[in-house]
Structure formats: C-alpha cells, structure tokens
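Dear colleague,

I am handing over the structure below, and I would be grateful if you could look through it alongside my notes, which follow directly after it.

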Amino acid sequence: MEAVRASAAWVASRSSHVKVDMLEVEKVVDKIQGNVPKVEWDFEGIHYFDDGPLTVQYLFVLDALNFCFWPDKDLSYDHLASGLKLALEKDKTALDADRLQSYTGPQLRQLLNWPRPLPIEEERVRLLHEVGMELERSFGGEAANLVKSAGNSAATLIELITRHFPGFRDHSLYKGHQVFLYKRAQIFVADLWGAFKGQNYGEFHDIKSITIFADYIVPAVLRELGILKYGSNLSCSIDSSSEIVPGSEEEVEIRACSVYAVEKMRELINKKFGKQLLSIDIDLWLWSCGVQNMAFCDELNDALGVVRVRAKALDTFGSCSRCFGPGLARGVSDSAVSGRPRAQRSQTAQQGAEKLADGCRAASEAKPACTEHHATAARFYRFSLILPA
Ligand SMILES: Nc1nc2c(c(CN[C@H]3C=C[C@H](O)[C@@H]3O)cn2[C@@H]2O[C@H](COP(=O)(O)O)[C@@H](O)[C@H]2O)c(=O)[nH]1
C-alpha cells in the first residue's frame with residue numbers, strides 16, 4: 001500500500017533508535033540468491049476454509065482480533081485461528097453480524113475455548129461489536145460484500161476497511177507526521193489472497209501494492225538477521241523484555257523500519273536477480289521463521305531446509321486434527337528447543353516427531369477433538385519442523 005510504503009520510508013530516513021543496515025540486506029539477498037522459500041498460507045493447518053463467504057467472515061473477524069498475544073505466555077495466534085475455526089464448525093452462525101455485536105468478554109473466551117481473560121479483552125470485545133455493527137449497517141452483515149465492493153483492488157479494500165472500521169486504523173504520529181502501517185487490514189487482504197489462492201474473493205490485480213505486516217515477530221527476525229540495528233537503549237529495553245510503549249518513537253521506528261527493510265530487500269532482489277517478489281511472500285517466510293524458532297534465522301541455508309522438512313512433516317501430521325495428548329507434545333517441544341547442540345536437537349526433534357505421530361494416531365482414536373491440545377501440538381510443529389532432518 002502506497003501510504004504504508006511512503007510512511008515507512010519517511011520514518012526510516014529520520015529514525016534515531018533503529019537503523020536498516022543495507023549491507024546486511026544485501027548479504028541476505030545474496031545468500032538466498034533471490035529465492036525466498038515458498039511458505040504455504042495456512043502451513044499450520046489451523047484456519048477455517050470452505051471456499052465461500054463464510055471464510056471471508058471468518059478471516060475478517062480473525063484479523064480484527066489479530067494482535068497482542070504475548071502477555072500470556074501460553075497464548076498465541078494459533079489459539080485465535082483454531083478457536084474461531086472450531087467455533088464456526090460447531091455453529092455456522094457464530095460470526096454472524098448480530099451475534100458479533102452481543103459478545104461479552106467471558107463469551108469470547110468461551111468461543112475461543114480459552115480458560116482465562118484474554119490480553120486487552122475489553123478492546124477485543126469492542127472490536128467485535130464494531131465489526132458486527134458496521135457490517136450490518138453498510139454491508140448487509142457480510143464481510144464478503146465488503147470485499148466485493150473493493151472491485152478486486154487490494155488498495156481499495158484497505159481504504160474501505162479503514163474508512164468504515166476505525167479499529168483497523170493503524171496510524172501513529174511520529175515527529176509531527178502521521179504514519180500509516182495498517183498491519184491488520186493488510187493481513188486480511190493477504191489472508192484472502194492466500195486462502196482463495198488469488199481467485200474469487202482473493203483476486204486482487206494490485207496485490208503487489210501490499211507491504212509486509214509490521215507486527216512484533218518480523219522485526220525480531222530482521223534483527224536476528226542483522227538487518228535491523230537497535231541503539232543501545234532500545235537494545236537494552238528489548239533484551240530485558242521491557243515493554244515498548246505503543247505509539248512511542250521506538251515502536252513506530254521498529255515497525256516502519258521493518259517495512260522499509262523488506263521493501264529494500266525486494267528492490268534488490270529485482271535488481272540483482274531480475275525477480276519480482278511480493279512482499280506478502282517475504283512476510284510469510286520471515287514470520288513463519290520467527291514463530292518457529294528464532295535461532296535458525298541466523299543461517300538462511302537452514303531456513304531453506306526448513307521448508308522441505310515442513311512439507312515432509314505435514315504429510316505425517318497434516319490429516320490429523322485431533323487431540324495429541326498435552327504431556328507428550330509439551331515434553332517433546334520443551335526438549336526440542338532447549339539449548340543443546342544443533343545435531344542433538346535435530347535428532348531429538350526427529351525422534352519427537354515420530355513419538356508425536358504415534359501418540360497422535362492413538363489419541364485421535366481414543367479422544368474427541370480438543371483445540372487446546374491441538375494448538376499445543378501445532379506450536380510444537382513449529383519448533384520441530386524447522387530443524388533440518
Ligand atoms: N507479519 C505477520 N504477522 C502475523 C502474521 C500472522 C498470521 N498470518 C497467517 C497467514 C498465513 C499463515 O498461515 C499465518 O497463520 C499473525 N501475525 C502476528 O504475529 C504475532 C503473533 O505471534 P505469536 O504471539 O507468536 O502467536 C501477532 O502480532 C500477530 O498479529 C503474518 O502472516 N505476518
């Protein structure tokens with residue numbers, strides 16, 4: 001999106017806490033030889049998809065709530081995606097516009113099968129109400145109509161979303177200048193594109209206008225790669241896990257410089273290797289790398305290996321969406337990410353994957369579906385899959 005791209009460049013040129021290291025951008029581009037590993041949308045197997053308008057409704061609600069999972073160490077994006085999916089599978093009307101307007105905090109928790117208050121729960125409930133109310137008022141209750149009214153333009157869809165739904169207006173004031181990052185509105189477009197494979201509700205003639213999505217995972221990956229450099233005060237705050245205040249210069253710089261760095265990466269790939277990549281594809285690669293295991297992002301060759309391993313592992317587990325047994329999944333996942341030497345870790349994960357597959361087969365016969373355990377297992381995947389076999 002042009003407003004996001006221009007904002008990111010504006011901030012990056014004035015940034016004082018964060019710098020984009022162009023030499024490191026070039027090193028990464030050379031190392032991957034312009035080939036960004038293809039990561040499939042829904043590589044985790046946790047999203048609802050029925051190829052129709054209900055999927056659009058699901059994705060819109062999902063992305064309305066797609067922020068801030070970290071304050072609860074057990075909660076992740078997976079819980080939201082798989083929780084809403086299960087809720088829809090149980091009751092196709094769960095995300096109808098009138099229902100969205102009446103959810104309370106405890107009801108939202110129940111919908112997601114989450115046992116305690118969600119981070120920023122009141123705001124999440126407010127967003128649900130806003131989405132339900134505006135969908136009903138302007139789009140006949142259906143997010144699919146919102147998408148249709150954008151006429152296959154990603155930029156128009158983002159304009160419509162941010163005009164009608166204030167909760168998606170991801171703006172900040174930086175050094176007296178308004179900057180636009182539109183993380184969740186852009187993720188929604190990318191989700192449609194990914195889920196519908198660029199067809200039907202996912203067809204956008206200007207999909208290349210979308211930038212990456214400035215969340216808290218991609219910047220961590222870019223920092224690990226050496227592309228983002230933080231000043232010493234910011235480094236200390238982040239390394240000691242202090243909270244970075246929303247809207248602060250630091251926060252805006254981290255997010256905007258991430259967008260800018262990937263735009264530069266894309267330009268360089270085009271210049272050196274003649275390839276026109278979409279920021280969406282780079283985002284999904286970096287994000288999947290980040291949520292799987294940061295330690296592996298320092299060696300991009302490993303990352304290339306990751307995708308192969310993932311594809312193989314999904315063959316093993318992909319068809320099972322039943323309860324895996326929490327003890328097994330947890331135990332294995334803890335050992336897989338402990339600080340052991342790489343060769344040993346790979347072996348542990350490999351054995352873990354086999355054990356998990358056995359447990360999974362047994363459990364799926366013995367127990368009914370269980371979102372919470374499934375999410376735990378999915379998180380384990382994310383650790384195990386990136387370990388080279
Ligand atoms: N840049 C970027 N950020 C993304 C996503 C997604 C999910 N995209 C789905 C689309 C296709 C795939 O199959 C994905 O499942 C979530 N996030 C952000 O991550 C954070 C959650 O992290 P943790 O607390 O560890 O669960 C949180 O800020 C959330 O908003 C993405 O794609 N790109």
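Helices here are DSSP runs of H or I with at least four residues, numbered from the N terminus, and a residue counts as near a molecule if one of its heavy atoms lies within 4 Å of it. This is a predicted model, in which local features need pLDDT of at least 70 and side-chain atom pairs count only at pLDDT 80 or more, while totals for chains, interfaces and linings use all residues. Residues are numbered from 1 along each chain as its sequence is written, and side-chain values use heavy atoms, with hydrogens and water left out.

The ligand is surrounded by 22 residues, of which D42, E44, N66, K183 and D283 are the closest. Helix 10 (183-195) and helix 14 (279-292) each supply at least two residues of this shell, and helix 14, with four residues, accounts for its largest share.

As to polar contacts (pairs of N or O atoms within 3.5 Å), a nitrogen atom of the ligand lies 2.7 Å from an N or O atom in the side chain of D283, whereas an oxygen atom of the ligand is 2.7 Å from a polar backbone atom of D42. The protein buries 96% of the 670 Å² that the ligand exposes when taken alone (accessible areas by the Shrake-Rupley method with a 1.4 Å probe).

Turning to the packing of helices, helix 3 (residues 53-64) and helix 10 meet at an angle of about 150°, their axes 9 Å apart (axes are lines fitted to C-alpha atoms over the stretch in contact, and angles run from 0 to 180 degrees between N-to-C directions). Helix 3 is therefore roughly antiparallel to helix 10, a term used for angles over 145 degrees.

With best regards

Methods: Polar contact = N/O pair within 3.5 Å; in protein donor to acceptor, adjacent residues only side chain to side chain. Parallel < 35°, antiparallel > 145°, perpendicular 65-115°, else oblique.
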